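This report is written for a reader who is new to the structure. It goes through helix packing and then a few single residues.

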Amino acid sequence: MENAPKTAVILGSKSDVPHMDGCVELLRNFGIEPEIKIMSAHRQPEAVAAFAQGAAKEGFEVIIAAAGLAAHLPGTIASWTILPVIGVPIPSSSLNGIDALLSMVQMPTGVPVGTVTVGKAGGINAAVLAAEILALKYPEVKENLIAYRKSLSE
Ligand code: RP5
């Protein structure tokens with residue numbers, strides 16, 4: 001797509017990749033080519049801060065961040081940018097993702113993370129939500145989104 005929307009998919013660990021395959025595939029179906037990065041809020045805090053601080057200047061319009069356990073990745077990113085951040089709680093723990101869900105959804109006033117369903121369904125919903133945001137500006141994404149919704153009802 002000409003002038004393609006720039007979206008980042010950030011994963012907290014390599015071990016999160018299998019949970020987010022569907023997200024990446026669906027973004028591509030919508031005409032959104034994501035930049036995928038693996039960086040941990042706890043193990044590589046400087047890299048996460050540098051990415052988040054520069055994301056808007058780099059031209060990113062939406063950021064999807066997926067993490068498990070005490071999942072501070074989307075919240076940390078959200079603290080450094082005013083871009084919309086969509087958080088996907090990954091069920092990688094003995095608590096099956098309830099820990100990640102609460103870590104993402106319970107952000108303090110004024111710094112939200114748009115938190116979606118736990119696990120693979122969340123990855124899919126993150127792609128749809130990102131497309132809904134980008135559809136406001138990109139007509140091709142809007143058309144693809146309408147076709148996707150139609151395919152669901154069929
Ligand atoms: C989180 O801890 C990651 O997002 C992942 O879901 C979980 C386990 O990470 P690894 O120990 O497999 O790297 O930070």
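## Basis of the model

This is a predicted model, in which local features need pLDDT of at least 70 and side-chain atom pairs count only at pLDDT 80 or more, while totals for chains, interfaces and linings use all residues. Residues are numbered from 1 along each chain as its sequence is written, and side-chain values use heavy atoms, with hydrogens and water left out.

Helices (H or I, at least four residues) and strands (E, at least two) are DSSP runs, numbered from the N terminus.

## Helices α1 and α5

Helix α1 covers residues 17-29 and helix α5 covers residues 120-134; they pack at an angle of about 25 degrees, and their axes are 7 Å apart. Axes here are lines fitted to C-alpha atoms, for helices over the stretch in contact, and angles run from 0 to 180 degrees between N-to-C directions. The angle makes α1 roughly parallel to α5. Angles under 35 degrees count as roughly parallel, over 145 as roughly antiparallel, 65 to 115 as roughly perpendicular, and the rest as oblique. The crossing of α1 past α5 is right-handed; a crossing is left-handed if the near helix is turned anticlockwise from the far one by less than a right angle, and right-handed if clockwise.

On the α1 side, the contact is made by Pro18, His19, Met20, Gly22, Cys23, Leu26 and Leu27, and on the α5 side by Lys120, Gly123, Ile124, Ala127, Val128 and Ala130. Contact means heavy atoms within 4.5 Å. By class, the contact of α1 with α5 has nine nonpolar, three polar and one charged residue. Ala, Val, Leu, Ile, Met, Phe, Trp, Tyr, Cys and Pro count as nonpolar, Asp, Glu, Lys and Arg as charged, and the others, Gly among them, as polar.

## Helices α5 and α6

Helix α6 (residues 139-153) packs with α5 at an angle of about 135 degrees, with the axes 9 Å apart. The two helices are therefore oblique to each other, and α5 passes α6 in a left-handed crossing.

From α5, the residues Ile124, Val128, Ala131, Glu132 and Leu134 meet Val141, Leu145, Tyr148 and Arg149 of α6. The contact of α5 with α6 divides into seven nonpolar, no polar and two charged residues.

## Helices α2 and α3

How far apart are the axes of α2 and α3? The axes of helix α2 (residues 45-54) and helix α3 (residues 73-80) are 8 Å apart, and the helices pack at an angle of about 45 degrees. That makes α2 oblique to α3. The crossing of α2 past α3 is right-handed.

Val48, Ala49, Phe51, Ala52 and Gln53 of α2 make the contact with Leu73, Thr76, Ile77 and Trp80 of α3. The contact of α2 with α3 has seven nonpolar, two polar and no charged residues.

## The buried side of α4

In helix α4 (residues 98-105), the buried residues are Asp99, Ala100 and Met104. They lie on the same side of α4, because they cover an arc of only 125 degrees around the axis. Buried means under 20% relative accessible area, exposed over 50%, and partly exposed in between (1.4 Å probe, protein chains only); the arc is that of the directions from the helix axis to the C-beta atoms. Among the elements that cover the buried residues of α4 are β3 (62-68), α3, β4 (85-90) and β5 (114-115).

Gly68 is found in strand β3 and is buried, with a relative accessible area of 16%. Leaving aside neighbours within four places in sequence, Gly68 is in contact with Asp16, Ile90, Ser92 and Ala100. Leu69, in the loop between β3 and α3, has a phi near 55 degrees, a positive value in a residue other than glycine.

Asn96 lies in the loop between β4 and α4. Asn96 also has a positive phi, of about 55 degrees, although it is not a glycine, and at 56% relative accessibility it counts as exposed. Val118, in the loop between β5 and α5, counts as partly exposed at 28% relative accessibility. Val118 and Asn96 are 22 residues apart in sequence and 8.6 Å apart in space, C-alpha to C-alpha. Leaving aside neighbours within four places in sequence, Val118 is in contact with Pro89, Pro91, Asn96, Gly97 and Leu101.
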